[in-house]
Amino acid sequence: SIVIGFAEQLARLNNERFSDPDIAASIVSILAASERIGNIVSGLRTFTHFHEDIEVFSLTQAYHDTIQLIDQIYQHEGVQLSLLDHTDGVSLVRGNRGRIQQVLLNLLSNAKDATEDQPRRHITVSLQNHGNTTKFSVADNGSGMDAQTQSKVFNAFFTTKPAGKGT
């Protein structure tokens with residue numbers, strides 16, 4: 001709420017005094033990211049609850065909306081993002097859009113971190129229909145995980161990152 005409040009003040013100040021389109025675009029990104037963060041926090045609050053906002057939505061659109069939040073940051077850090085969409089334009093899924101985007105955002109963040117030591121950083125998201133389901137996967141050109149780490153990745157709140165880094 002504090003970040004949103006300050007961003008809205010900056011937007012008003014920019015409109016009144018500067019009218020700089022780059023500043024305006026950055027403020028829009030801040031507001032969108034803040035809303036996303038608010039949704040993540042809300043999702044964490046209800047982590048153990050089973051009531052969900054289930055809807056039918058396009059997984060491809062959810063991907064693009066998520067990328068819009070992080071694209072400038074990833075570009076600035078030299079991370080190339082690619083989408084391989086093998087759904088023939090039909091990627092409708094039934095589920096909780098916000099939670100799917102949260103998972104995608106976490107996977108993209110982990111992939112970005114995994115490529116830190118690579119001279120050329122690349123992350124690919126793939127969408128593929130399998131009968132009545134659509135599968136998405138995230139791959140990066142990082143060094144990979146050993147078997148012990150792989151056995152723990154689906155444990156709630158497991159991380160390989162040091163304290164204070166990551167979510």
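Is Ser-19 buried or exposed? At 52% relative accessibility, Ser-19 counts as exposed, where exposed means over 50% relative accessible area, buried means under 20% and partly exposed means in between, with a 1.4 Å probe and protein chains only. The model is predicted, so local features need pLDDT of at least 70 and side-chain atom pairs count only at pLDDT 80 or more, while totals for chains, interfaces and linings use all residues. Residues are numbered from 1 along each chain as its sequence is written, and side-chain values use heavy atoms, with hydrogens and water left out.

The overall picture comes next. The protein has 5 helices and 5 strands; helices (H or I, at least four residues) and strands (E, at least two) are DSSP runs, numbered from the N terminus. Along the sequence these elements follow the pattern α-α-β-α-β-β-α-β-β-α. The C-alpha atoms fill a box of roughly 55 × 40 × 35 Å, taken along the principal axes. Of the 167 residues in the protein, 26% are buried. Contact means heavy atoms within 4.5 Å. Among the contacts with a separation of 6 or more, 72% join residues 24 or more positions apart.

After α1 comes Ser-19, the residue of the opening question. Ser-19 sits in the loop between α1 and α2 (21-45), and its phi is near 55°, a positive value in a residue other than glycine.

Strand β1 (residues 55-58) contains Ser-58. This residue is partly exposed, with a relative accessible area of 22%. Leaving out residues up to four places away in sequence, Ser-58 touches Ser-91, Leu-92 and Arg-97. The C-alpha atoms of Ser-58 and Val-93 are separated by 6.3 Å, although the two residues are 35 residues apart along the chain. Arg-97, one of the residues touched by Ser-58, belongs to helix α4. With 18% relative accessibility, Arg-97 counts as buried. Beyond its neighbours within four places in sequence, Arg-97 is in contact with Glu-55, Phe-57, Ser-58, Gln-61, Ala-62 and Asp-65.

Gln-80 is partly exposed at a relative accessible area of 36%, and Leu-84 is partly exposed at 41%. Not counting residues up to four places away in sequence, Gln-80 touches Arg-120, Arg-121, His-122 and Ile-123. With the neighbours within four places again left aside, Leu-84 is in contact with Thr-124, Val-125, Ser-126 and Leu-127. Leu-84 and Gln-128 are 44 residues apart in sequence, with their C-alpha atoms 8.4 Å apart in space. For Gln-80 and Lys-161, 81 residues apart along the chain, the C-alpha separation is 22 Å.

The loop between β4 and β5 (133-140) holds Asn-132. At 84% relative accessibility, Asn-132 counts as exposed. Val-93 lies 39 residues from Asn-132 in sequence and 8.9 Å from it in space, C-alpha to C-alpha.

The last topic is empty space inside the protein. Rolling a probe the size of a water molecule over the atoms shows where empty space is left. On a 1 Å grid over the protein atoms alone, a cavity is a set of points where a 1.4 Å probe fits but cannot get out, and lining residues have an atom within 4 Å of a point. Grid points are joined across faces, edges and corners, and a volume is the space filled by probe spheres set on the points. The search of the whole structure finds 1 cavity of 30 Å³ or more, with about 30 Å³ of space in the largest cavity. Its lining is formed by Leu-59, Tyr-63, Ile-100, Leu-104, Val-125, Leu-127 and Phe-136. At least two lining residues come from each of α3 (59-76), α4 (97-114) and β4 (121-130). By class, the lining has 7 nonpolar, no polar and no charged residues; Ala, Val, Leu, Ile, Met, Phe, Trp, Tyr, Cys and Pro count as nonpolar, Asp, Glu, Lys and Arg as charged, and the others, Gly among them, as polar.

Definitions and conventions:
1 Å grid on protein atoms, 1.4 Å probe; cavity = no way out; pocket = protein on both sides within 12 Å on 5 of 7 lines; lining within 4 Å.
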